[in-house]
Amino acid sequence: MVNDIVIFDTTLRDGEQSPGASMNMEEKVKIALQLEKLGVDVIEAGFAASSKGDFEAISRIAEVLERTTVCSLARAIPSDIEQAAKATQQAKRRRIHTFIATSPIHMQYKLKLSPDAVMKKAIEAVQYAKTLCDDVEFSCEDALRSDMGFLREIIPAVIEAGASTINLPDTVGYRLPTEIGAFVAQVHSFVKDSAMLSMHCHNDLGLAVANSIAAIGSGVRQVECTINGLGERAGNTALEELVMIIKTRKELFSVDTHINTKEIYPTSKLVADITGICPQPNKAIVGKNAFAHESGIHQDGILKHRETYEIIKPSDIGMVESTSLVLGKHSGRAAFKDKIADLGFSLNDEELQAAFTRFKHLCDSKKEVFDDDIRAIIGEETTHIPQVFTLSLVQVSACSNAKYCAAVSVVRDGIELSDSALGNGAVDSVLKSIDRVSGIAGTLKDYKVESVTSGKDALAKVVVKVEFAQANRAVIGHGIDVDTMSATAKAYISALNSYLSMRELINNK
């Protein structure tokens, strides 16, 4: 077996199942392209049979990726497997990932099937998937609470049926590293080189990364993980932590990954910006405080020799060591183009012009423009979601009786529309005005505001989660502006445009 660890990224599938982490199709494609740039080996782009939106997103990702294997999850059901095959058919490299639960508690209470019936469904699913795709992965859901005797029967059977990767999920994050190591060693003893063993750990007890490392030590050669550790409940194995453990402690491992570690931080930022879920400040590797040193003793040591208190350099993960001042109101388009290239962005002419125009407007409002300001501008200007509504004007004023009044103008089909509303606070009045002028009411489920950089004139970045009628999940919107209420209006309109785009996609199918 190869000594390289296959990095299987499931940010777009399991990661999206984090509460409130819904992504639209364009955002998924953007993340997939960045994951390919990062160097992941397999991207689980979604669950094709779960929704039309997932099917379309997987199909689009399959069309645009050049090197990375595109995978779709599928239950051990023929219709699921057919959808997975159809969604990935345009990919240069593709995989079908089918699964069924194998633990006694899942078979009895969830599936209501006997072990023999589960075995039969698993074999038939893999055999069918193999007729549609050469690369088939099989997961024993809740493997770590499954009976080893049953696993000794079902795993060789699905390998014989055509599965080349066997995934062993710790579905509820129950096991300890020592238990994981012993468990994987047992499975490896009868699988040997007949298939690649994979590990999928959840973080319910905070052990997902440690358990994945233990699994590697016992023979696992694929690890399923997510950016920033996103995932259901407490999340999944954090890709950035796993990869940097292997890189930093390479003397302990006989394995490596294909990850370009300098793309870790840009990828983390992109996922956080799109999902609206930022890593906690003390998060390992990508947290805001991961390379911060406040103690005087630590600062003294760092100044004398960085390795006294840093085992990883910020540049190792693509993080600039300080927010550098860039460009100004007299900078030209060529200088701006060079700067965004230095930041790792590649824009077409239309996107470049839109970002440059936005940059010039920003220079009129901000005395100092920083790298993170540029990143924020590019992130907002490179969306490919149809802009049904665009913000023209927002004005907010305080009224009597603790009320606020907002007036909003938006442009739709070249026509400017205006309306106003009273609200219980500035934000409420702005959102009610947008509801009135658009004719589409939304319910705000979450609202976050933070500064992009420092200073009194810092850009405000607003992320909202909004539920619209007939939508089965909340939609995320993003907005940036020097003025917080303008950023709020932009974020709400961004969510509205995303909702309208998804609604059109579904109605056209």
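**View 1. Helices α12 and α13 cross at roughly 105°.** The axes of helix α12 (residues 333-342) and helix α13 (residues 349-365) come within 11 Å of each other, where an axis is a line fitted to C-alpha atoms, for helices over the stretch in contact, and an angle runs from 0 to 180 degrees between N-to-C directions. Helices (H or I, at least four residues) and strands (E, at least two) are DSSP runs, numbered from the N terminus. The two helices are therefore roughly perpendicular to each other; angles under 35 degrees count as roughly parallel, over 145 as roughly antiparallel, 65 to 115 as roughly perpendicular and the rest as oblique. On the α12 side the contact is made by Arg333, Phe336, Lys337 and Ile340, and on the α13 side by Asp349, Leu352, Gln353, Ala355, Phe356 and Phe359, contact meaning heavy atoms within 4.5 Å. Sorted by class, these residues are six nonpolar, one polar and three charged, with Ala, Val, Leu, Ile, Met, Phe, Trp, Tyr, Cys and Pro counted as nonpolar, Asp, Glu, Lys and Arg as charged, and the others, Gly among them, as polar.

The model is predicted, local features need pLDDT of at least 70, side-chain atom pairs count only at pLDDT 80 or more, and totals for chains, interfaces and linings use all residues. Residues are numbered from 1 along each chain as its sequence is written, and side-chain values use heavy atoms, with hydrogens and water left out.

**View 2. Helices α3 and α5 pack at an angle of about 25°.** The axes of helix α3 (residues 78-87) and helix α5 (residues 115-132) are 10 Å apart, and the angle makes α3 roughly parallel to α5. Their crossing is right-handed; a crossing is left-handed if the near helix is turned anticlockwise from the far one by less than a right angle, and right-handed if clockwise. Pro78, Ile81, Glu82 and Ala85 of α3 make the contact with Ala125, Tyr128, Ala129 and Leu132 of α5. Seven of the contact residues are nonpolar, none is polar and one is charged.

**View 3. Helices α7 and α8 cross at roughly 30°.** Helix α7 (residues 177-191) and helix α8 (residues 208-217) have axes that come within 8 Å, and the pair is therefore roughly parallel. The crossing of α7 and α8 is right-handed. Where the helices touch, Pro177, Ile180, Gly181 and Val184 in α7 meet Ala210, Asn211, Ala214 and Ala215 in α8, a contact with six nonpolar, two polar and no charged residues.

**View 4. Strands β9, β10 and β11 form an open antiparallel sheet.** Strands of a sheet pair through backbone hydrogen bonds, either parallel or antiparallel. The order here is β9-β10-β11, and β9 (390-398) and β11 (415-423) stand at the edges, each with a single partner strand, so one side of each is left without a neighbour in the sheet. Neighbouring strands are turned by 15° against each other on average, direction ignored. Strand β10 (residues 404-412) pairs with β9 over eight bridges, and two strands count as paired if DSSP finds at least two bridges between them. Ser397 stands opposite Cys405 in β10. Nine bridges join β10 to β11, and the bridge partner of Arg412 is Ile415 in β11. The hairpin of β10 and β11 has two residues between the strands, and Asp413 there takes a positive phi near 55°. Helix α15 (residues 426-438) lies across β9, β10 and β11, running at about 140° to β11.

**View 5. Strands β12, β13 and β14 form an open antiparallel sheet.** The strands are arranged in the order β12-β13-β14, with β12 (442-451) and β14 (475-481) as the edge strands, each pairing on one side only. From one strand to the next, the twist averages 20°. Strand β13 (residues 460-468) runs antiparallel to β12 and is joined to β12 by nine bridges, with Lys465 in β13 as the bridge partner of Asp446. Helix α10 (residues 264-275) packs on this sheet, touching β13 and β14, and the direction of α10 makes about 110° with that of β14.
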